[in-house]
Structure formats: C-alpha cells, structure tokens
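Let's take a friendly look at charged side chains and how they pair up. Please keep the model open beside you as you read.

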Amino acid sequence: QVQLVESGGGLVQPGGSLRLSCAASGSIVSINTMGWYRQAPGKQRELVAAITSSGSTKYTDSVKGRFSISRENAKNTVYLQMNSLKPEDTAVYYCNADILSYGRPKMDYWGKGTLVNVSS
C-alpha cells in the first residue's frame, strides 16, 4: 500500500517562510511527477508546483519567484520551500505523486493535506 505523508504546515506571518515535505512509502517501483496542490476555503483545488523525476519544474504564476519545489529521489520525498508568504497563500496543501508500485498499475496518489495559514 502506497502512502504519501505531508509535514511542515502551520501558522506563519505574512512575509514569512515555511517548508513542506512529503514522503512516499510502500512497495514503490518508480515515481514520475510529484507535485503540490492547494485548496483554499470555497475555492477549487489548484496546482501549485510540480517536478518530474528528471528535475523539470513548473509553477503556477502566483507563486513564481517565491516558491521552490525540489525532490530527493533516493528518499521518495518532495519539498516545497515557500518564501514571502501572503495571506492569499492560506490553504490546505496536498502532495500528489504519479507512482508505479508492485502489483498495481501506475496511479495518482494523494496525501491527506497540511494546513498553511498566513496571518498576522
């Protein structure tokens, strides 16, 4: 059984920084794209950033220059460094990964989410 577990959310003041982590575990053969999504109250879930196994990245326009996604393939872990946080970044952040595991076809997996609250 594959699991994604996020950590690192919390309350931070505007202008502050947080680092989110997401570790995948289970009978993993390979992981392709890993990413972070977020969902603010009353809004749809949106892609924040994604990174392929070879390191190619993409970001939603609103976080470019402030957020940075990275991964450690040996640890099946993806990170999201968030700087210059704004109140509008407040949301539940979800980890997502495209994973091939033993005995199953390649599938999208989701973490349970971690709350980021940017407030003074």
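Is Asp98 buried or exposed? Asp98 is buried, with a relative accessible area of 17%, where buried means under 20%, exposed over 50% and partly exposed in between (1.4 Å probe, protein chains only).

## About the model

This is a predicted model, in which local features need pLDDT of at least 70 and side-chain atom pairs count only at pLDDT 80 or more, while totals for chains, interfaces and linings use all residues. Residues are numbered from 1 along each chain as its sequence is written, and side-chain values use heavy atoms, leaving out hydrogens and water.

Asp98 pairs with Lys106 in a salt bridge, at 3.7 Å from N to O; the term stands for a side-chain nitrogen of Lys or Arg within 4 Å of a carboxyl oxygen of Asp or Glu. Lys106 is exposed, at 52% relative accessible area.

Arg38 is buried, with 6% relative accessible area, whereas Glu46 is partly exposed at 31%.

## Another pair, and the total

Lys75 and Glu72 also form a salt bridge, with their closest N and O atoms 3.9 Å apart. Here Lys75 is exposed at 52% relative accessible area, and Glu72 is partly exposed at 32%. In total, the structure holds 6 salt bridges.
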